[in-house]
Structure formats: structure tokens, C-alpha cells
Amino acid sequence: MLSAAVFPISTVVLMTSSLVAIYVISVVKGDVAAFWPYISDGGVLYPESNVFAQLLGMSAFAAFCTFCVRFQMFRDALNRYDHRHASNVATAAFFLGSLSLFGMTLVGNFQEDKPDKIHGLGALLLFLLGTVYSILDTILSFLANDSCATGNAFNSRVTCFVRSTIAVLSTIFLVLTLVGKFVSEMIWNDAYPFQNGTERGRKQMHWSSTDPGYSIHVLGSTGEWVVGVLFIAYFVTLIGEFRRYSFSLMVNCRGDCSGGIRSETSAAVDESSPLLADRAVI
């Protein structure tokens with residue numbers, strides 16, 4: 001059986017690789033300003049746009065698998081200790097987290113320059129709902145920790161407080177990102193209006209310290225990078241708990257296996273610690 005920790009670990013590796021890869025490639029090629037460009041600016045042009053889309057797609061899949069296992073972990077642990085309403089919170093967290101990952105795929109596949117509205121929608125889903133997911137997951141972490149018997153905690157109190165800190169910081173920097181992005185773009189558009197109705201005098205991917213609104217732009221782009229790193233850090237906090245679970249795929253023959261074979265594939269999560277006595281199937 002495979003350790004369930006492979007999912008958050010894969011998510012961390014892929015998301016980190018996507019951020020590093022597009023920054024290095026876009027800066028080396030001179031496609032963006034070296035000092036704190038927006039993350040999406042680095043994924044506009046070829047070939048970094050292809051790398052960005054591929055890595056974000058793989059990150060979204062790994063994160064979705066992580067959310068599936070996480071949902072099952074909470075549902076079983078909280079139901080066992082009579083936190084029935086908390087199961088609804090876990091369901092909401094899974095749904096919102098999945099929507100945020102859909103936003104991640106939109107960000108990767110629809111570059112910022114065209115069509116920008118779809119890219120903007122994806123970024124909003126990713127960052128806003130991703131932050132909401134971290135808040136709900138933190139609440140559930142505290143509930144699960146308080147419910148379990150002494151010496152058999154779902155996760156440590158320290159881990160809960162680390163997640164609380166990440167969730168709060170994500171919220172703060174998300175607000176800074178939205179404000180910085182909105183205000184700096186307004187200033188930029190006023191300073192560099194459309195020429196001939198089709199093109200502005202400057203490319204927004206090449207901000208300079210002499211441009212109007214530059215300091216606000218740096219505030220927004222810095223906030224975006226911080227939120228991205230905090231998301232990765234949140235997945236890092238999940239690795240320890242996921243190591244207590246194993247994951248296996250089972251293929252069972254249904255009906256007459258000598259004739260037309262119909263197969264059913266299911267994923268199972270096994271608890272290797274005494275936390276969960278039952279076998280939980282996702």
C-alpha cells in the first residue's frame with residue numbers, strides 16, 4: 001500500500017516547481033521585470049506558458065486527491081466523536097477547495113493576456129476559495145484535536161496554531177493583493193491609455209520604478225507571492241497526518257469473469273494508528 005502522504009508531498013513539489021520554473025524562465029528571457037512580477041505575468045508567453053499550464057494542472061490533480069483523503073479523515077474522525085454538524089463543514093470545505101482547484105486550472109490554461117476575464121475568474125476562485133478552505137480546515141483540525149482521547153490526538157495543538165497563523169496571514173495578504181492589483185491597474189491604465197484603440201504604450205509585465213503606481217503594484221504582487229507560498233506551507237502541515245494513512249487501489253471482478261469482464265476500481269484509505277478502527281473507503 002502507498003502512503004497517503006504522497007498526495008500533499010506531490011502537491012508541495014509541483015506547486016513549488018511551477019512558481020520557481022515560470023519565474024526563472026520568464027526573467028531569463030526578459031519577458032517580465034525581475035523584481036516581483038505578478039505570478040501570472042510569468043506564464044503569459046511561450047514557453048513558460050506551457051510549463052505553467054502543465055505544472056498547475058498536475059498540482060490541481062494532486063491537491064484534489066489530497067482534499068479527497070482529507071475529507072474522509074475528517075468525516076470519520078468527527079462522526080466517531082459525535083461532531084455530526086462538523087461533517088457538513090468538512091463537506092463544504094471539500095466543495096470549496098475543489099472549486100479553488102478548478103480556478104487553478106483556469107489560471108494555467110487561460111493566460112492573463114487573453115482572455116483576461118477567464119484568467120481573473122480563475123485567480124479569484126483559486127486565492128479566495130483557497131483561503132476559505134484553509135480557514136475551514138483549521139477549524140476542523142481544532143475540533144478533531146479536541147475530540148480525540150489524550151495521547152491519541154488527530155493532530156498536535158502546535159499544528160493547529162500553525163495552520164491558524166497561515167490562514168490569518170493568507171487572508172491579510174489576499175486583501176493586500178486584491179487592493180494592490182485593482183488600484184495599480186487603474187493608475188496604469190490612466191497613465192498609458194490605449195493607442196489607436198488597440199494597444200497601450202507600455203506592456204504591464206514590465207513595471208519600472210518610475211511608473212505611476214509602482215509602489216502599489218509591488219504591494220499587490222508581493223501579497224500574491226506570499227499567499228502562494230502560504231498555500232504551499234499549508235500543504236506541508238498536512239504531511240505528518242497523512243503519513244498515518246495508507247492508500248490502495250483495488251480492482252474487483254463483477255459478474256462472469258470468463259465472459260465480458262466488468263471492473264470496478266475503488267480507492268481505500270487505511271488507518272495505521274489506533275485513531276480510526278474502521279476501514280474508510282473514498
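**Salt bridges in a predicted model**

A search of the whole structure finds six salt bridges. By this term I mean a side-chain nitrogen of Lys or Arg within 4 Å of a carboxyl oxygen of Asp or Glu. The model is predicted, so local features need pLDDT of at least 70 and side-chain atom pairs count only at pLDDT 80 or more, while totals for chains, interfaces and linings use all residues. Residues are numbered from 1 along each chain as its sequence is written, and side-chain values use heavy atoms, with hydrogens and water left out.

Let me begin with Lys29 and Asp31. Their closest N and O atoms are 2.8 Å apart in a salt bridge. Lys29 is partly exposed, at 42% relative accessible area, whereas Asp31 is buried, at 11%. Here buried means under 20% relative accessible area, exposed over 50%, and partly exposed in between (1.4 Å probe, protein chains only).

Next, which residue does Lys181 pair with in a salt bridge? The partner is Glu185, with 3.1 Å between the closest N and O atoms. Both residues lie in helix α5, four residues apart, about one turn of the helix. Helices are DSSP runs (H or I, at least four residues), numbered from the N terminus. Glu185 is partly exposed, with 26% relative accessibility.

Finally, Glu241 and Arg163 form a salt bridge at 2.3 Å, N to O. This pair links distant parts of the chain, 78 residues apart: Glu241 belongs to helix α6 (residues 214-242) and Arg163 to helix α5 (residues 157-191). Both Glu241 and Arg163 are buried.

Key:
Helix = DSSP H or I, 4+ residues; strand = E, 2+ residues; numbered from the N terminus.
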